[in-house]
Amino acid sequence: MAIRIFQFSSPQTFYPLAGRLIPLFWVLAALFSAAGLYTGFFVAPTDFQQGEVYRIIFIHVPAAWMSMFIYLVMAGWAAVGLVLNTRLSSMMAQALAPTGALMTFIALWTGSLWGRPTWGTWWVWDARLTSELILLFLYLGFMALQASIDDPRRADKAGAILAMVGVVNVPIIYFSVKWWNTLHQGASVSLTRAPSMASDMLTGMLLMALAFWMYAIAAALMRVQSIILERERHAGWVKDLLEPAAVKGSP
Amino acid sequence: MKPRHKRLVLAGAAAAAVALAVGLILVAFESNIQLFFSPTQVVAGEAPLSRTFRIGGLVEQGSVKRAEDGVTVRFAVTDTARTIPVAYKGILPDLFKEGKGVVAQGRLEADGVFHASQVLAKHDENYMPPEAATALERARKAESESQKTLVMDRPAGGEAPK
Amino acid sequence: MEWGSVESFLSMGGRGAYVWGSYGVTALLLGLEAVLLVRRHRGARREPGAPGAEP
C-alpha cells in the first residue's frame, strides 16, 4: 500500500492518472449541477420572507464552502510539500489556488447581488464579509508570491509559509457570525444541529455543493497536469511522452 | 518586459496584497469587529455617542409609523430588554418588517432619538415555503393561547406544581 | 414549483437581475476557467518550456 502511494506521488505516474480521472470528475460535475439546478429552480419552493431571490443560495453557499475548503486543502498540500519535500504536493497546492480564488470571488459576487435586495446594501464591513475578502487576498498573495520567485522549489517554500499562516483566517470566516454581531445571518446548515431549511431547498444546495466540489477537483487536476509538464520539461519521461515516435523502439 | 522586472512587479503585487490584507484587518479592529451595538449596550453607554455607529436588534411590533411629511419613518429597535426610538428618511429594504431584525447606522441625538442615515434588514438563517411559515405561526399562536388558558385556570396565590 | 410561464421564471419575482446576474457571472467564470485550463494544457504539451497561457 505504502509503495503504491509513493508511486502515485511521483509526477510521472500521477500525470496519466490525472488524465484518466479528469473526464470522470467533469461528468460528475455536470450530473450534479443538472440535478442541483433542477431541484433549485423547479422543486424547491419559494421562501416565506425573501421570495425568489433566495435562489442565489444554491451557488452562494457552495462557492463559499469551497472557498474555505480549497484553502485548507491547498495549505495542507503546501505543508506536506514543505515538510516532506515532495514535488507533487507543492504542485497540487499551486494548482488549487486559482480555483480557490475563483470560488471566493463567486461567493463575494453572489453575496453582493443577494445582499442588495434583501439587506439593502451591496457591501458592509461586517466580520463575515471582511474575512472572506481577506481570503481572496490570501489566495492572490499566494499566487503572486509563487509567480515572483523563479526557482520553483524556493517559490514552493515561500508559498507554503504564506498559505499556512493564512489558515488562521478560515475559522475566523466560519465562526465570525457566532463570535461577533454581523449583518450576515448564522449558518443554516451545521454539523451540530438540524438544518433550518426546508428539505427540498437543502437537497438543491447540497447537490450544487457536490457539483462545485467535482468541478474544483477536475479543474485542479487539469491545472496540475500543466504544471507537471511545465516544471518537469527537462525530465526524460516528459520528452518521451510528448514525442511518442521516438520511444517506439524502446521496450 | 525583462524577467527581472516581471519578478519585481510580481513581488510588488504580493507585498501589496499582503499589506492590503493586513490593512483590512487593522481597519476592522479599528472600527471594532462588532458591526452594531444592541439597545442594552447603547443604554449602558458602551456605544460611541460622539460619532455615528450602528444599532441592531428587532423592529418592535407596532412601532413603525410614517411621519406627516411622508418621508420620515419612525420605529423602535429592541433587544427585548431595552428599546431605542429611531427616525429615518429614505427607502427601507424589502425585508424590513416589524418583529424582524434590523441594523441602522446613524447618531444618537440629544432628544434621545437615533437618527439613522442607513437602515439595513438583518434576516435569519431560516428558509421555508410560505405555507410552512404560516403553519408554524399558527402553531405558535395556538401554544401561547393554551398557555394563557393555563395561567387563568391556575389557582390564585400559588405556583402551579411542575 | 410551478412557474406558469417563461416570463415569470425569468423575472424571479421581480428579482431576475440579481438572480441571473449571480448565475450568469458564475457560469461565465467557471466556463472561462475551463477554457483557459484546456489552452494551458495544450500549450504545455506542444512546448512544455513555455509559460502557461493561463494567468
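**Reading the interface of chains B and A**

Me: How many salt bridges are there between chain B and chain A?

Reply: A salt bridge is a side-chain nitrogen of Lys or Arg within 4 Å of a carboxyl oxygen of Asp or Glu. Between chain B and chain A the count is zero. Keep in mind that this is a predicted model, where local features need pLDDT of at least 70 and side-chain atom pairs count only at pLDDT 80 or more, while totals for chains, interfaces and linings use all residues. Side-chain values use heavy atoms, with hydrogens and water left out.

Me: How many residue pairs are in polar contact across the interface of chain B and chain A?

Reply: A polar contact is a pair of N or O atoms within 3.5 Å; within protein, one must be able to donate a hydrogen and the other to accept it, and residues adjacent in sequence count only if both atoms are side-chain atoms. Here there are 14 such residue pairs, both residues at pLDDT 80 or more.

Me: What is the area buried between chain B and chain A?

Reply: Interface size is often given as the accessible area lost when the parts come together. For chain B and chain A that's about 3400 Å², with carbon and sulfur atoms giving 64%. B:His123, B:Glu125 and B:Tyr127 supply 21% of what chain B buries against chain A, more than any other three residues.

Me: How many residues does the contact take from each chain?

Reply: Contact means heavy atoms within 4.5 Å. Chain B gives 37 residues and chain A gives 44 residues.

Definitions and conventions: Residues numbered from 1 in each chain as written. Chains lettered and ligands numbered in written order. Buried area = accessible area lost by both parts, 1.4 Å probe.
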